[in-house]
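Student: I have a new chain on my screen and would like to find my way around it. Could you walk me through it with a few questions and answers?

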Amino acid sequence: MPPNARILIVDDHEDTLYALESALAPLGHLLGRATSGDEALKQLLRGNVGLLLLDVQPPGTGGLDVVRYMRRLEQTQLIPVVLLTGFARDPQLGAAAYALGVADLVTKPVDPWALRTKIRHLYDAHQRHLALQREVRALRARLEERTGAPGRPAPPHPHAHVPSGQPAGAHTGELERDRT
């Protein structure tokens, strides 16, 4: 995804779209808009979306269904999502949203300053993550060029969970590699 990826705003009310665009314009990122869940999915599949600001109940495909679909596709599964709701905090909605990997759930009316701060942080963090992934791929390619063999997978993180009864490294296949 290029560094100029859009922030896609999805809501079926023109005045809400305008208010959200006005709140996010000072960030300087490209903004896109959609008025339904189906339209949002089409734009997501076309690519170049760096963050999704999504109403929970847009016309057509609902907000949680949009997120479910996104999480199943490699090209959209890591895009940060902030859900907008016109209802007071609903524990069931929150639980379902966070289980799908939604970054935040924001209640309307939105505080523009708080929204801008959240979106800036999430967008920038996602772009840094993508840049690191590109750098890792480039370094692995350089390593493979030099050695002529695929790079060995990195060892597990020292705090990674190892199932009880298995020696360290068993869950990553390290023990099998060491035996060969």
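Tutor: Gladly! Let's settle one term before we start: two residues are in contact when they have heavy atoms within 4.5 Å. Please keep in mind that this is a predicted model.

Student: With that term in hand, which residues does Thr85 touch, not counting residues up to four places away in sequence?

Tutor: Start with the place of Thr85, which is in strand E4. Thr85 has a relative accessible area of 2%, and the cut-off for buried is under 20%, so Thr85 is buried. Leaving out residues up to four places away in sequence, the partners of Thr85 are Val56, Leu93, Leu105, Val106, Thr107 and Lys108.

Student: Let me step back to the whole chain. In what order do its elements run from the N terminus on?

Tutor: The chain has six helices and five strands. Reading from the N terminus on, the order is β-α-β-α-β-α-β-α-β-α-α.

Student: I'd like to look at charges next. What is the N to O distance in the salt bridge of Glu21 and Arg33?

Tutor: Side chains of opposite charge can pair when their charged atoms come close. Arg33 forms a salt bridge with Glu14, where the closest N and O atoms are 2.6 Å apart; this links strand E2 to helix H1 (residues 14-24). Glu21 lies in helix H1 and Arg33 in strand E2, so their pair ties together parts that are twelve residues apart in sequence. For Glu21 and Arg33, the N to O distance is 2.8 Å.

Student: Is Asp104, which meets Lys118 in a salt bridge, buried or partly exposed?

Tutor: In this salt bridge, N and O are 2.7 Å apart, and the pair links strand E5 with helix H5, 14 residues apart. Lys118 has 31% relative accessibility and so counts as partly exposed. Asp104 has 15%, and the cut-off is under 20%, so Asp104 counts as buried.

Student: Which residues do salt bridges that share partners join into one network?

Tutor: The structure holds six salt bridges. Those that share partners join three residues into one network: Asp11, Asp55 and Lys108.

Student: To finish, what share of the 180 residues is buried?

Tutor: The accessible surface is about 10800 Å², with 56% of it belonging to carbon and sulfur atoms. Among contacts between residues at least 6 apart in sequence, 60% join residues at least 24 apart. The buried share of the 180 residues is 35%.

Conventions. Residues numbered from 1 in each chain as written. Predicted model: local features only at pLDDT ≥ 70, side-chain atom pairs only at ≥ 80, totals over all residues. Heavy atoms only, no water. Helix = DSSP H or I, 4+ residues; strand = E, 2+ residues; numbered from the N terminus. Buried < 20%, exposed > 50% of the residue type's maximum accessible area, 1.4 Å probe, protein only. Areas by Shrake-Rupley, 256 points an atom, 1.4 Å probe, with all protein chains shown as cover. Salt bridge = Lys/Arg side-chain N within 4 Å of Asp/Glu carboxyl O.
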